[in-house]
Amino acid sequence: MTLNMTAGDPEDIPESTPCGIYPSIPESTPSSSHLHRFPHSVQRSTTYGSLLLPLPSSTPHTLFGFRRSTFFLLIFIIVYVLSLCLISIALSTLESKTELQVKKRFAIARDKFLADHSTVEAEDLESFIKEVVNAQIHGVSVFGNLTTTENWSFGQSFFFAATVVTTIGYGHVHPLSESGKLFCIMFALVGVPFTIVLLTSFVERLKIPCNVVLCFLMDKLSHLYQPFYIRVLHLLCLILFILVIFFLLPSWVFMAIEPGWGYLDSIYYCFISLTSIGLGDFIPGDAPKQEYRTLYKAITTVYLYVGLSFMMLLLSVYSDIPQLNLGFSFLSVSDYGSDPERIGIGHYLHKNYLSGGGENIRHVRRVISRPDDVSSPEDITPGGPPHSHIP
């Protein structure tokens, strides 16, 4: 008994799959009885070369006694650590002068205050300053009337919860009570994975129109440029779109709403937030007497979710270009000299077709009684796609 597996029609291919990257699999491949075949229409749609799954050589490549991927990884770690050291030196050089100026201004202000208020002892002033700093560390504003701003109103709490589960974590407000800290741990353990699933689902849907644009560029420019350059153009278009929609325009809005924010401060906030760094030195909606604070915080939260989704989309599109994927050199499979583009496509095929994955693909199963498992011409429907046999 032989079970025939047939891939579905071309319309069964997931819409999120980019055009022009389906490799054609030969109609007769030794020891391929366990693989699903691609339909003829998909094989004919390969316009940028016939790419097969990589077959690694038996012996991995080595450099200086290390596997090639291990050697490159060690070099990368060394370069990475040296880069951090150079960045530290640069930051120390850039910020030390400003830090000294701030210290001098504070010393002058403290001495002037003590001179104007001779009845206040320096120790009492020092104790008061410590209380102010301690309150500020715990996210309690000490400016103006302390009762005008609540850190744990619904709007503030909603914004805080969103920054926790998205791992932005500004840190300007955090739980003060023991029960609040424990509850924060519990909902973060559940909320962070759920948020990753949510954002990943957004990205999968955003890739559909993104791939439509890529197909359009392929159709219009494939006779002039190689697919790699078209993919780079597509990536640059996406970068420009994100730069304008999620950085330049929102920065102008934040500058107009937030008192004391310059345009560079606003761009800095957008970048720190959408890269999930979240330093917490600039927080929207925390200004005293902020109008519609709850609504403002909610809109900012939506902006963060949408912006993070597009940043993840950008990383996904970037990683889909094998020539730009630096991480391939650190993978064990690169020790066998496989081409990164073949590896990337092979992984996609294995995930969506060869291993039976992909929910949108229909499989036609029919049982044929035969004494052997070798494909014969009569098993192939005239004019239809070839079949693979699974014993």
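Ser-251 has its place in helix α6, helices being DSSP runs of H or I with at least four residues and strands being runs of E with at least two, both numbered from the N terminus. The model is a predicted one, in which local features need pLDDT of at least 70 and side-chain atom pairs count only at pLDDT 80 or more, while totals for chains, interfaces and linings use all residues. Residues are numbered from 1 along each chain as its sequence is written, and side-chain values use heavy atoms, with hydrogens and water left out.

**Overall architecture**

- The secondary structure of the protein comes to nine helices and five strands, and from the N terminus on these elements run in the order β-α-β-β-α-α-α-α-α-α-α-α-β-β.
- Of the 391 residues in the protein, 34% are buried, where buried means under 20% relative accessible area, exposed means over 50% and partly exposed lies in between, computed with a 1.4 Å probe on protein chains only.
- Among contacts in the protein with a separation of 6 or more, 66% join residues 24 or more positions apart, a contact being heavy atoms within 4.5 Å.

- Ser-251 is buried, because its relative accessible area is 0%, and apart from its neighbours within four places in sequence it is in contact with Tyr-263, Ser-266, Ile-267 and Cys-270.
- Arg-231 is also placed in helix α6, and with a relative accessible area of 13% Arg-231 is buried.
- The C-alpha atoms of Arg-231 and Asp-320 are 8.9 Å apart in space, although the two residues are 89 residues apart in sequence.

**Helix α7**

- Helix α7 comprises twelve residues, 263-274, and at 1.5 Å a residue it should span 16 Å, which agrees with the 17 Å between its end C-alpha atoms; the expected span is 1.5 Å times one less than the number of residues.
- The buried residues of α7 are Ser-266, Tyr-269, Cys-270, Ile-272, Ser-273 and Leu-274, and what covers them includes α4 (154-165), α6 (227-257) and α8 (293-319).
- After α7 comes Ser-276, whose phi is positive, near 60°.

**Thr-195 in helix α5**

- Thr-195 is found in helix α5, which covers residues 178-221, and its relative accessibility of 7% means that Thr-195 counts as buried.
- A polar atom of the Thr-195 side chain lies 3.4 Å from the backbone oxygen of Val-165; a polar contact is a pair of N or O atoms within 3.5 Å in which, within protein, one must be able to donate a hydrogen and the other to accept it, and residues adjacent in sequence count only if both atoms are side-chain atoms.
- Leaving aside neighbours within four places in sequence, the contacts of Thr-195 are with Val-165, Thr-166 and Tyr-305.

**Aromatic rings**

- The count comes to 18 aromatic pairs, where rings of Phe, Tyr and Trp (its six-membered ring) pair if their centres lie within 6.5 Å, and planes under 30 degrees apart count as stacked, over 60 as edge-to-face and the rest as tilted.
- Phe-64 and Phe-71 form a tilted pair, with 5.3 Å centre to centre and 35° between the planes; Phe-64 is exposed at a relative accessible area of 70%, whereas Phe-71 is buried at 18%.
- The pair of Tyr-170 and Tyr-269 is stacked, because the ring centres are 6.0 Å apart and the planes lie at 25°.
- This pair links distant parts of the chain, with Tyr-170 in the loop between α4 and α5 and Tyr-269 in helix α7, 99 residues apart, and both Tyr-170 and Tyr-269 are buried.
- One aromatic cluster is formed by Phe-159, Tyr-170, Phe-254, Trp-261, Tyr-268, Tyr-269, Phe-282 and Tyr-303.
- The charged end of Lys-297 sits over the ring of Phe-159, 4.3 Å from its centre, the criterion being that NZ of Lys or CZ of Arg is within 6 Å of the ring centre and within 35 degrees of the ring normal.

**Loop residues with positive phi**

- Phe-64 is found in the loop between β2 (62-63) and β3 (66-67), and its phi is near 55°, a positive value in a residue other than glycine.
- Tyr-292, in the loop between α7 and α8, likewise has a positive phi, near 50°, in a residue other than glycine, and Tyr-292 is exposed, with a relative accessible area of 66%.

**Cysteines**

- The disulfide count comes to zero, a disulfide being a pair of cysteine sulfur atoms within 2.5 Å.
- Cys-85 counts as partly exposed at 42% relative accessibility, whereas Cys-215 is buried, with a relative accessible area of 18%.
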